[in-house]
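This report concerns the structure shown below. Please keep the sequence and the model in view while reading.

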Amino acid sequence: MSNSLRDQLVKAGLATSAQASKAQRQVESEKHAQRRGGGKKKNKNPEQSEDSRAQGSAAASKSRAQQELAKKRAADKARGDAANKKQAERSLRAEMRQLIVANDQRAKTSNENDVPYNFVHNKKIKKIYVPKPQLEQLSKGTLVIVNNDGNYHLVSQEVAQKIRERDPRRIIAAHDDKPPEPGSDDEFYAKFEVPDDLDW
């Protein structure tokens with residue numbers, strides 16, 4: 001398109017100067033492409049190529065947005081699961097604490113007639129003082145020592161079983177009247193009577 005024709009179209013009002021400049025650039029780029037590419041045909045409708053590029057760009061951005069959304073949902077789910085787990089642990093601890101304190105049979109006040117009872121907790125020997133009847137119950141296994149966040153309590157076997165079902169780590173000392181396993185050291189020593197008044 002020559003300058004004079006372009007000027008005439010703009011003056012006649014058939015095209016704006018921007019449209020005329022765009023048409024001229026398009027003609028020049030087509031000539032340039034033909035010279036460089038040995039006469040390769042260029043897409044005659046540049047609006048179609050712009051549309052396809054725009055659609056490809058939109059599809060790519062939509063795909064990125066979906067990936068980001070999936071990542072965000074996965075992170076939110078992980079945070080939610082962690083929060084639910086912590087809440088469940090807190091709830092279990094509160095339930096255990098309530099169960100232990102409500103069924104605690106340990107004497108609230110110490111007495112000079114109390115006797116020591118030794119047991120092992122975390123590979124350390126611990127000692128609590130209990131009345132003689134409770135010492136006998138501990139030895140027979142009718143009373144069980146449980147851990148309530150560092151405090152030791154005495155509960156019945158039934159309550160200890162409920163605690164064991166929820167959190168077996170809280171059971172510290174439980175003497176069950178199970179027969180010793182064949183071939184174990186317990187089987188050998190089972191034939192020897194242990195005096196009731198033995199303190200260690």
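## Surroundings of N148

Leaving aside residues up to four places away in sequence, N148 is in contact with R97, I100, V101, H153 and R170, where contact means heavy atoms within 4.5 Å. N148 belongs to strand 3, residues 143-148; helices (H or I, at least four residues) and strands (E, at least two) are DSSP runs, numbered from the N terminus. With a relative accessible area of 6%, N148 is buried. Buried denotes under 20% relative accessible area, exposed over 50%, and partly exposed in between (1.4 Å probe, protein chains only).

## Basis of the model

This is a predicted model, in which local features need pLDDT of at least 70 and side-chain atom pairs count only at pLDDT 80 or more, while totals for chains, interfaces and linings use all residues. Residues are numbered from 1 along each chain as its sequence is written, and side-chain values use heavy atoms, with hydrogens and water left out.

## Aromatic pairs

The structure contains two aromatic pairs. Rings of Phe, Tyr and Trp (its six-membered ring) pair if their centres lie within 6.5 Å; planes under 30 degrees apart count as stacked, over 60 as edge-to-face and the rest as tilted. Y117 and F119 are stacked, at 6.5 Å centre to centre with 25° between the planes. F119 and Y152 form an edge-to-face pair, at 5.0 Å centre to centre with 75° between the planes. This pair links distant parts of the chain, since F119 is in strand 1 (residues 115-121) and Y152 in strand 4 (residues 151-156), 33 residues apart.

Y117, F119 and Y152 form one aromatic cluster. F119 is buried at 3% relative accessibility, and Y152 is buried at 16% relative accessible area. Y117 is buried as well.
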